[in-house]
Amino acid sequence: MDSVDLQPDDVSVKRYYDKLNDYRNLDETHEGTVKAAFQHVLEDVGQDLGWTLVQEHFMQERSTRVDGALKNEYNLYHGYWEAKDSDDDLQKEVTKRLEKDYPKKNTVFQAPDRAVLIQGGGIAFDGSIEAISSLHLGLRFGFNGNST
């Protein structure tokens, strides 16, 4: 089984925090901008595992669009991603999306400072990702190779 083994000193993790700082310094903190930083982390993780991050993926069977889906060469899903900005109430957004039939097996809801990971229909991680070590924990725990 494939697994993510990001370390706090990995280039993609450091780049995430550097990009967030760049955006803050430019006073650009809206979702369309800050989601790009996390997108690059997911692309790096996916590439290492032979997965591709498909952005703005529409799931016909659920009639919903996710900000990203990690898929392998056999078109199997390994995880989903929904980005928010710091001004959003992340818990409220998670609840709203899950009520709309969002995937519940391996979905990360992410804001620059916090992430909520849903696995197996329940919350597997809900915490701060303001520190490099917590981003590492959340991603390592999240995209662990379980097809969804």
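**View 1. Surroundings of E93.** Apart from neighbours within four places in sequence, E93 has K84 and D88 in contact, where contact means heavy atoms within 4.5 Å. E93 lies in helix α3. With a relative accessibility of 12%, E93 counts as buried; the term stands for under 20% relative accessible area, with exposed over 50% and partly exposed in between, using a 1.4 Å probe and protein chains only. The model is predicted, so local features need pLDDT of at least 70 and side-chain atom pairs count only at pLDDT 80 or more, while totals for chains, interfaces and linings use all residues. Residues are numbered from 1 along each chain as its sequence is written, and side-chain values use heavy atoms, with hydrogens and water left out.

**View 2. The whole chain.** The protein chain has 4 helices and 6 strands. Helices (H or I, at least four residues) and strands (E, at least two) are DSSP runs, numbered from the N terminus. Read from the N terminus, the elements follow the order α-α-β-β-β-α-β-β-β-α. The protein chain has 148 residues, of which 49% count as buried. Of the contacts between residues at least 6 apart in sequence, 48% join residues at least 24 apart.

View 3. The 6 strands of an open sheet are arranged as β1-β2-β3-β4-β5-β6, with mixed pairing; two strands pair if DSSP finds at least two bridges between them. β1 (52-59) and β6 (122-128) are the edge strands, and each has a single partner strand, so one side of each lacks a neighbour in the sheet. From one strand to the next, the twist averages 25°. Axes are lines fitted to C-alpha atoms, for helices over the stretch in contact, and angles between N-to-C directions run from 0 to 180 degrees. Strand β5 (residues 114-119) pairs with β6 in the antiparallel sense over 6 bridges. V116 has D126 in β6 as its bridge partner. Helix α3 (residues 90-99) packs on the sheet and touches β3 (77-83), β4 (106-111), β5 and β6. The directions of α3 and β5 make an angle of about 25°.

**View 4. Helices α1 and α2.** Helix α1 (residues 11-25) and helix α2 (residues 31-49) have axes that come within 9 Å and cross at roughly 170°. That makes the two helices roughly antiparallel, the class for angles over 145 degrees; under 35 is roughly parallel, 65 to 115 roughly perpendicular and the rest oblique. From α1, the residues S12, R15, Y16, K19, L20 and Y23 meet T33, V34, A36, A37, F38, H40, V41 and D44 of α2. The residues of this contact divide into 8 nonpolar, 3 polar and 3 charged. Ala, Val, Leu, Ile, Met, Phe, Trp, Tyr, Cys and Pro count as nonpolar, Asp, Glu, Lys and Arg as charged, and the others, Gly among them, as polar.

**View 5. An aromatic cluster.** Y16, Y17, F38 and W81 form one aromatic cluster. Rings of Phe, Tyr and Trp (its six-membered ring) pair if their centres lie within 6.5 Å; planes under 30 degrees apart count as stacked, over 60 as edge-to-face and the rest as tilted. By this rule there are 5 aromatic pairs. Y16 and Y17 form an edge-to-face pair, at 4.9 Å centre to centre with 80° between the planes. Both Y16 and Y17 are buried. F38 and W81 form a tilted pair, at 5.9 Å centre to centre with 40° between the planes. This pair links distant parts of the chain, with F38 in helix α2 and W81 in strand β3, 43 residues apart. F38 and W81 are both buried.
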